[in-house]
Amino acid sequence: MSDRKARLTITVDPHLTAYAEHLVETGKASSVSAVFNDAMEARIQRERRQRRLWKEAAERADPAKVARMMAHVDAQAAALPKR
Amino acid sequence: MSEDSGATAPPYIVDLSVAVAVARFDASVMTLIQGYEARGQSLVLPVLALTGASLDVRTEDADDLLEGLERLENAEVASLRDAEQAVRLAAVIATTGLDPWDAHVAAVADAAVCPILTLDAPKWRQHSGDLDEPLHIIEIADPDEPAG
């Protein structure tokens, strides 16, 4: 992946365009492109945080207990009427 | 394509109790779900069950956990798509007396003919005969722990 910025053509909802332009006009962002970059960066960080939380759960869980729970679920699933 | 049994495991419909467990960072339930993700077991997340869980645990972490649930490869959110589904949900609420969060789970399970994955089997047993077809229930529990 190159560090060079890429030109991207996207279609944006009117209210989001208006908000991005408002941020630029009021000096809260340097450009509409910067608004898009910030929004994507925030999304990346949020998804990383979500993945980290799920990973932490797996590290904290008792594997033996989870295995028993899974076997219990599997036994019930196997007993269900076939679709 | 496999030619053995031809049968595939039906998706599990995640109910409010499971969504709440995720929102409360229940490591066992979350790891169980990740185990099913690794196996390719499909999960359906009725959107109102996620709403109910988010209402139960009002923190940013809880919402992140619920959004993380949706991001699993084999999980799919069941939304309320149109007026027909909205009216169908209202009928399930009226018939069962369930809260909207649970009724959406019941409506999705009933329409898809898929089992409900729950930590609260007694509640579902009480309502399993309320609809035209019986609801099928799969309880998450540790058989080595006393029922509480």
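Two strands pair if DSSP finds at least two bridges between them. Strand 1 of chain B, residues 12–14, meets that test with strand 2 of chain B: the two pair in the parallel sense over two bridges. Keep in mind that this is a predicted model.

Start with strand 2 of chain B, which covers residues 43–46. Strand 2 of chain B also pairs with strand 3 of chain B, residues 75–78. The sense is again parallel, and this pairing runs over four bridges. Ile13(B) stands opposite Val44(B). In strand 3 of chain B, the bridge partner of Val44(B) is Glu76(B).

Now look at the side chains of strand 2 of chain B. Leu43(B) and Leu45(B) point one way. Val44(B) and Pro46(B) point the other way. In a regular strand the side chains alternate between the two faces of the sheet. Are these four residues of strand 2 of chain B buried or exposed? All of them are buried.

Next come two helices of chain B. Helix 1 of chain B spans residues 16–23, and helix 4 of chain B spans residues 60–71. Their axes come within 8 Å and cross at roughly 125 degrees. Helix 1 of chain B brings Ala19(B), Val22(B) and Ala23(B) to the contact. Helix 4 of chain B brings Ala62(B), Leu65(B), Leu66(B) and Leu69(B). By class, this contact has seven nonpolar residues, no polar ones and no charged ones.

Turn to chain A. Its secondary structure comes to three helices and zero strands. Along the sequence, the pattern is α-α-α. The radius of gyration of chain A is 23 Å, whereas the globule rule gives 12 Å for 83 residues, so chain A is more spread out than a compact globule. The C-alpha trace of chain A spans about 60 × 35 × 30 Å along its principal axes. Buried residues make up 11% of the 83 residues in chain A.

Finally, see where the chains meet. Here 24 residues of chain A are in contact with 27 residues of chain B. On the side of chain A that touches chain B, helix 2 (32–60) and helix 3 (63–78) of chain A each supply at least two residues. Which helix of chain A gives the most to that side? Helix 2 of chain A does, with ten residues. The residues of this side of chain A divide into eleven nonpolar, three polar and ten charged.

Key: Residues numbered from 1 in each chain as written. Chains lettered and ligands numbered in written order. Predicted model: local features only at pLDDT ≥ 70, side-chain atom pairs only at ≥ 80, totals over all residues. Buried ≥ 20, exposed ≤ 12 C-beta atoms within 10 Å, placed from the backbone. Contact = placed C-beta atoms within 7 Å. Nonpolar A, V, L, I, M, F, W, Y, C, P; charged D, E, K, R; others polar. Axes fitted to C-alpha atoms, helices over the stretch in contact; angles between N-to-C directions. Rg over C-alpha atoms; globule rule 2.2 N^0.38 Å.
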